[in-house]
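Hello,

Here is the structure for your files. Notes on two parts of it follow below.

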Amino acid sequence: MPPVRKPDQSAPAQVSATGAPFVAADGDRDPRAQSGDVLTSPQGVRIPDTDHSLKAGRRGPILLEDFHLREKISHFDHERIPERAVHARGAGAHGVFTAYGTAGDLTRASVLAEKGLETPVFVRFSTVLGSRGSADSVRDTRGFAVKFYTQEGNWDLVGNNMPVFFIQEAIKFPDLVHAAKPSPNREIPQAQSAHDSFWDFVSQHTEATHHTLWNMSDRGIPRSYRMMEGFGVHSFRLVNAAGETVLVQFKWTPKLGVHSLTWEEAQIAAGVDPDFHRRDLADAIEAGAFPEWELGVQVFEDNEEQTFQGIDLLDSTKIVPEELVPVQPIGRLVLNANPTNFFAETEQVAFNTAHVVPGIEFSNDPLLQGRNFSYQDTQLTRLGGPNWTQLPVNRPQVSVNDNHRDGFMQQGIPTGETGYHPNTIDEGSPLPADETQGYVNVPRPVSGEVVRGVAASFDDHFSQPAMFYASLSEVEKTHTIEAYTFELGKVYEQAIKERVLGVLVNIDADLAAQVAEGLGLPVPEGATAEHLAPSPALAQVTGESFPADGRQVGVVAGPDADVAGIATLRASLEAAGAQVKVIAPRGGVIGTGASTEVVERTNVTARSIEFDAIVVAGGAPKDGDIKAVVLLQEAFRQLKPFAAWGDGADVLTAAGIDTGSPGVLTGADAKDVAADLLSAMGLHRVWERADLVTASAVPPAA
């Protein structure tokens, strides 16, 4: 037990940061929230006037003795903390992870091994390059970081929505980020890789080719955090109760499937709703459409080579196809609560790849080894010192007795006279843990010459991106070609463009040729690298159907619309988990008597990006409102399912949309289209329409 306080000693009262007792009289009130209903100073002094400063006369100068003015302004001046160097833009949520118990033979970590064990978590999603104020929908890798508050301490699984990374060695990370961030002279472009320095870097460090290709694919612009995979990126070592080890790679698989925005949607969202992903996550949780993922592992023998069929398991630029090593499900993650305060939780949460629990260890992946240092180091500056682990969102939910002392913002009141081990003054407290319960590294041999270099297996930079590209569906390949053409079209130095084309020819000849054509440059000579067979698991467009949970359906209506039909449609769609929003020329309510619908969006506030499907109600306005026409035409180009009943089909025709086109459903009433609309939404988009709306083939309707 920790030493007790001596009779002559006392300590500050046990109150929270807001002056409330930790065991509040009102059981429903969090003691960390504001306490009391009267405005006070930070010292608890009641303040009757916070709108006027203390002056020498009503028109005189402000007096220095106005302590309330000084405290208020001074605190405001220091409210901002340094943003993260990367992953600054993010969103978070609380949830629970439930272990299936299927990992019991792999690891002693109860969070994964104990069947039915529920572990609270906090998850933060993020973009990588942009600042805190940048847009959500930019083309970028997304962070997928999970803090498990386990019974054995905190475990942080700090991953991304892509299984590979740009570099193999952590020592290159500052160079990578400097190259990818905005130019140091003009601070542009924000949150984009479409500029010279990024492509200059990745075209010379060709180990980045695989991750760059993932970024240029549809994975770089996810539809929602709820609809993207997550990966641990590195190989980790699991240790079971018998001391046996395996190497594993972690993967999160979303219940709703893996879906992306179109490039048009991403660009529109960045302007009209830069909070697109943040809003989507919070709204879904608030509506009870809780995001869900299954955690799985690929398991490998922990042998001396640490390779699998020639694939180096320590190289973070490579994957092992799931067809060769299937993902074994081991648990389920559900996000069921939004943060109470964004800054206190989402902004102050701090992750560290080095935070592991007994049964989980590190591999020799050089990128992981460097991250283990960097994450701890960066929090010291960002959160003001070594006590960032004491912030509420970072605190373990188990006993902590660590012999750490002092430092900025120390919130503990340690008892006793020692802060070292061993000691006899405080009866040896804290005592070392029993090895069967504490963290003990499994013995393993380590040897080798001191050298700056990597294994020869790290030198293959092209076979894996060639496999990834070959695995994509045709529509995904088209999007990838367009992405490369756009990004390189923003590059000024022709030598950089030519160097990238020289890289692409190693991936796929047609990819290189089409990008070269778009840039007006010659196709370089070269041959596609030999690679493994295509992996169907890497394609997003597969024809598989997914639930409609949290999907948004916009219903175009007006004062004379079939309100009863809208109610019928709403009942059908909401029963399946979708959400319906009525769009009309003006706000308020449409309908009369008991049959009414609230207008949730107007033609001014609605935009195509918000909706996964569009329905035109019978009786909708046929006045050709340009804003409504733009909404319909955009959504049609974005391959979203359409439906209309009654004379609502005439609204589509007037907007230049052929009601016989793929994915356009019509019927006599709302009931006729509801079921088919749900089926179409389950496929995410109407891919059969893609050729009809290619900008170069069909101009927008007049």
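For the helix geometry, axes are lines fitted to C-alpha atoms over the stretch in contact, and angles run from 0 to 180 degrees between N-to-C directions. Please keep in mind that this is a predicted model.

Helix packing. Helix 4 covers residues 196-204 and helix 12 covers residues 494-504; their axes come within 9 Å and cross at roughly 40°. Helix 4 is therefore oblique to helix 12. The crossing of helix 4 past helix 12 is left-handed. On the helix 4 side, the contact is made by Asp 196, Trp 199, Asp 200, Ser 203 and Gln 204. Helix 12 contributes Ile 496, Arg 499, Val 500 and Val 503. Sorted by class, this contact between helix 4 and helix 12 has four nonpolar, three charged and two polar residues.

Six strands form an open sheet in the order 17-14-13-18-19-20, and the pairing is parallel. At its edges are strand 17 (601-602) and strand 20 (664-667), each of which pairs on one side only. Within the sheet, strand 18 (residues 613-616) pairs with strand 19 (residues 642-645) in the parallel sense, over three bridges. Ile 614 stands opposite Phe 642 of strand 19.

Helix 15 (residues 626-637) packs on this sheet. The strands touched by helix 15 are strand 13 (552-556), strand 14 (579-584), strand 18, strand 19 and strand 20. The direction of helix 15 makes about 135° with that of strand 18.

Regards

Definitions and conventions
Residues are numbered from 1 along each chain as its sequence is written. This is a predicted model: local features need pLDDT of at least 70, side-chain atom pairs count only at pLDDT 80 or more; totals for chains, interfaces and linings use all residues. Side-chain values use heavy atoms; hydrogens and water are left out. Helices (H or I, at least four residues) and strands (E, at least two) are DSSP runs, numbered from the N terminus. Angles under 35 degrees count as roughly parallel, over 145 as roughly antiparallel, 65 to 115 as roughly perpendicular and the rest as oblique. A crossing is left-handed if the near helix is turned anticlockwise from the far one by less than a right angle, and right-handed if clockwise. Contact means heavy atoms within 4.5 Å. Ala, Val, Leu, Ile, Met, Phe, Trp, Tyr, Cys and Pro count as nonpolar, Asp, Glu, Lys and Arg as charged, and the others, Gly among them, as polar. Two strands pair if DSSP finds at least two bridges between them.
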